[in-house]
2 protein chains.
Amino acid sequence: MKKLILASIIALFSIGATAQELNNFSFGRGPQVVSPEVLGDSVVFRLKAEYATQVSVAPSWLGWTANVPMQRGKDYVWEVKLPCPEPEIYTYNFFVDGVSVNDPQNYLVQRDGVRYLNMVLIPGERTENYKNATKRGTVRQMWYDSESLGINRRMTVYTPYGYEKNTKQKYPVLYLLHGGGGDEEAWTSMGRAAQILDNLIEKGQAVPMIVVMPNGNPGQQAAKPMDIEEKTIAYNDPAFANAYVNSLVKEIIPFIEKNFRAIPKSSARAIAGLSMGGGHTTSATILYPGTFDYICPMSCGIRESAELDAQLQGIKKAGYKLYWIGCGVDDFAMPGTKVLDEALKRNGMEHTLYTSGGGHEWKNWRLYLNTFGKLLFK
Amino acid sequence: MKKLILASIIALFSIGATAQELNNFSFGRGPQVVSPEVLGDSVVFRLKAEYATQVSVAPSWLGWTANVPMQRGKDYVWEVKLPCPEPEIYTYNFFVDGVSVNDPQNYLVQRDGVRYLNMVLIPGERTENYKNATKRGTVRQMWYDSESLGINRRMTVYTPYGYEKNTKQKYPVLYLLHGGGGDEEAWTSMGRAAQILDNLIEKGQAVPMIVVMPNGNPGQQAAKPMDIEEKTIAYNDPAFANAYVNSLVKEIIPFIEKNFRAIPKSSARAIAGLSMGGGHTTSATILYPGTFDYICPMSCGIRESAELDAQLQGIKKAGYKLYWIGCGVDDFAMPGTKVLDEALKRNGMEHTLYTSGGGHEWKNWRLYLNTFGKLLFK
C-alpha cells in the first residue's frame, strides 16, 4: 500500500501536481466514496468520517431546519438514502458532530453571500436549461465608476453566443437584479443565468440579449470575497433604495450602452429582480417611467400607498410591453405581490401574475427567468 | 432570547433575506467568532464546534502534512494561536473529528482543481500587489472553438483598466498557463493574476497588457465545476502535450487577435506558465520559434535530449527579448530547471534564472508573475 501511495505521488508530480493536490491525496480521499449519487428515485449522500460520532445532512428541499441523520457503514463511510425530490437544483451541507461541512466529493459549489454550499441537480424537464448549452456566451466581471455613490463598482455582464462574431448586430439588454444578501455574482452562481440564457437562445426560444447583473448593495464595490472595504450606508436612510436605482438608470445603463452594442431604446430594455431586486424593479420603473418596456418583479410585492395609483399611471402613460410578476405560493412576499396585482388591475394595466409551488427561493427565480426570458423583446 | 431571534429573523426578511441566510442564522453562527484573526506577530484560528472531540487546523505554511491541534475554550470555541508566517497568501482548512472543514467565518475561498480551501493574507510588502488596486481591469470567461481538439473550450481573458475607454489603443498579450490539476480559473483564483496586473499597471511598473489564461487540459472544455463532460485524451499519448500547444498557437492566438485589440506581433506576445504550463511554454517556443519574444517558464525544467541544442538554436535564430526562468530552491523541478539553465548557457542564449525560497507552490508563482510582469514588452 505504501508503495502504491508513493508511486501515485510520483505520478502526480510527473504530471505537475501542486502541493495542494498531494494534500488531497494524502488525506485519503479516494474515488471510492461517491457523493451525492442521484439514482432514479433516490439520492444517496455519503461522507467518510472515521472519528465522528454524529453525521447528518441538510438538503435544501427538506426545508431550512431539516437535518437528516446518516448511518455509519463500512470503512467509516456515513450514508443516507433519501427519496428523490422533484427535478431542480438543490443545495446541501453535512453536519459532522455539529459543525457544517461541505461535501469533499462534490466540486459543485455555489456561494450565497458569505456561505458556500454544495449543489445537486436532479435532472428532468424543468432543469434542462440549467445545464450547459452547446453554444455559450461570454461572462465578464467589470467595473464602473459610480459618481453618485462615490465608488468604483463591479458588475457581471453576459453577452450571448455570437456577440464577438456578429460585430454589426446590436442587442437588447436585460437588467437582472439580485436580492438581499446577494451580489453581482448571485445570478450567475445560484441563478444559472448564463446557462438559462444560453439554452433559451440556442433553442430559439429567446432573443439573443445582453444580461447585466450589477451589485445592488449601494455601499458595496464588489462581492465580499473580493475583499474590498465597504462604504457604510444606513439601511434606514430614506436615500438607500433610490441611491442604487438612480445609479442603475443614470450610470449603469449609459455605461452599458456605451461599452456594448446595446440598442439604446426602452423597447430594448428589460428589468427584472427578485426580493430586494424586485423592489429595485418596481422603484426603477416608477421613478423612471418609459425607460424599460419589460418589467418583471419576482417574489416582491409593493406597499399600498396614497401615491401608488399615480405612480402606476405614470408607467401606463409612458407605455410598456410586458409586466410579468412571479411569486411562489408559499412565499412570504405573496401578500405584497397580491397588492401589486390588484393595483395593476384597478389601474387597467395589462400584466401576468405567474405563481409556482414553493417559497422565497432560487428554484423559483431560475424557473421565472426561464419563463419570462422567452417573452422579452418580442 | 427567543424574542430577539424572532425579531432578527423578521428584520432579515424585511431586507429581503433568502432562506439560506436564515439557515445561516438558525445555526447560531453569530459574529462573535472571528477567524482567522491576523495579529502583528500571530494568527489565531477559531471554530465553534460544540460536539466535536478533536479539532485541528492545517495551515499551508507548515507544509502539507501539518495538522495543529486546537484547544476548546469558552462557548465551545476551539482556538489555536500560531506565530505569523512571512507575508504571503496561505490556505488552510480545519479538521473536525477527522473530517476536512472550511472555516465558516471566512468567505475568502480559493479553488484548487476540485478542492476548496480558505485563504489568509498576511500583509507585507510582498503581498501589496495581491490586494485590489484602485483601477481594475475586466475579467471574462469566454469560449473558443477548437477545431483541432474537436471541442468548444473556455478561457479567462483579462483586459487592463481603460481597455473599454481607449478604443484606439492596441495592447500586447501575455499567455499565462496553469499547471497540472489547474484550469482556466487557476491564475485568477489562486494566482491573483488580475490583482497583480492591476497593481503593476496602476503603479506604472508594467505596460498595460491583455492576459489570456486558457485551459491547458486538452480533453477539457472547462473547469470541472462547469460540469461539462470531458473528452478522453490519454496522458501517455505522444500527441497529448502538443495537442494543446498547437491549439494555443494555431487557434487561441488568432482568436484573441481577432476579438481583442491585440498587437499581432511576436514583440507583443509573451508566454509564461508554471509546472505543466512551463512545459507548454518550452514546447510552444520550441515548436513555434519567433512567435513569442518573451518566454517565462516557472517551476519546470526540461529534459536533456539529442535535439535540445538544435531546438534552442531555433529560438535563438528566430530572436527573443526575454527568457526568464523562475524556480523555488526546494522545488522538485529544480534539477530540470538547471538542465534548461545550462542548455541556454551552452547555446549562448541570454536569460535570467530567478530563484526564491520554497518549493512547487503558488506563493512562488504569484511572486514570479509580480516580478517578470515588470519586464514584459519593454
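User: Which elements of chain B do the buried residues of α8(B) pack against?

Analyst: This is a predicted model, where local features need pLDDT of at least 70, side-chain atom pairs count only at pLDDT 80 or more, and totals for chains, interfaces and linings use all residues. Residues are numbered from 1 along each chain as its sequence is written, chains are lettered from A and ligands numbered from 1 in the order written, and side-chain values use heavy atoms, without hydrogens and water. Helices (H or I, at least four residues) and strands (E, at least two) are DSSP runs, numbered from the N terminus. Packing here is contact, meaning heavy atoms within 4.5 Å; the partners of the buried α8(B) residues in chain B are α6 (276-287), β16 (294-298), α7 (308-318), β17 (322-328) and β18 (352-356).

User: Which residues of α8(B) are buried?

Analyst: Buried means under 20% relative accessible area, exposed over 50%, partly exposed in between (1.4 Å probe, protein chains only). By that cut-off, the buried residues of α8(B) are B:Met334, B:Gly336, B:Thr337, B:Leu340, B:Asp341, B:Ala343 and B:Leu344.

User: How far does α8(B) reach from its first C-alpha to its last?

Analyst: The expected span of a helix is 1.5 Å times one less than its number of residues. Helix α8 of chain B covers residues 334-346, 13 residues, with 18 Å expected. Its reach is close to that, at 18 Å.

User: Which residue takes a positive phi just after α8(B)?

Analyst: Look just past the end of α8(B). The phi there is about 65 degrees, and the residue is B:Gly348.

User: Are α7(B) and α8(B) roughly parallel or roughly perpendicular to each other?

Analyst: Axes are lines fitted to C-alpha atoms, for helices over the stretch in contact, and angles run from 0 to 180 degrees between N-to-C directions. The α7(B) and α8(B) axes come within 10 Å and cross at roughly 65 degrees. Angles under 35 degrees count as roughly parallel, over 145 as roughly antiparallel, 65 to 115 as roughly perpendicular and the rest as oblique. The two helices α7(B) and α8(B) are therefore roughly perpendicular.

User: Which residues make the contact of α7(A) with α8(A)?

Analyst: In chain A, helix α7 (residues 308-318) and helix α8 (residues 334-346) have axes that come within 10 Å and cross at roughly 65 degrees. From α7(A) come A:Leu308, A:Asp309 and A:Leu312; from α8(A), A:Ala343, A:Leu344 and A:Arg346.

User: Why are α4(A) and α9(A) roughly parallel to each other?

Analyst: Helix α4 (residues 193-202) and helix α9 (residues 362-372) of chain A have axes 10 Å apart. Their packing angle is about 25 degrees. That angle makes them therefore roughly parallel.

User: Which residues make the contact of α4(A) with α9(A)?

Analyst: On α4(A), they are A:Ala193, A:Ile196, A:Leu197 and A:Leu200. On α9(A), they are A:Arg366, A:Leu369 and A:Asn370.

User: Is A:Pro59 buried or exposed?

Analyst: A:Pro59 lies in strand β3 (residues 55-59) of chain A. Leaving aside neighbours within four places in sequence, A:Pro59 is in contact with A:Val68, A:Leu82, A:Thr91 and A:Tyr92. Its relative accessibility is 1%, so A:Pro59 counts as buried.
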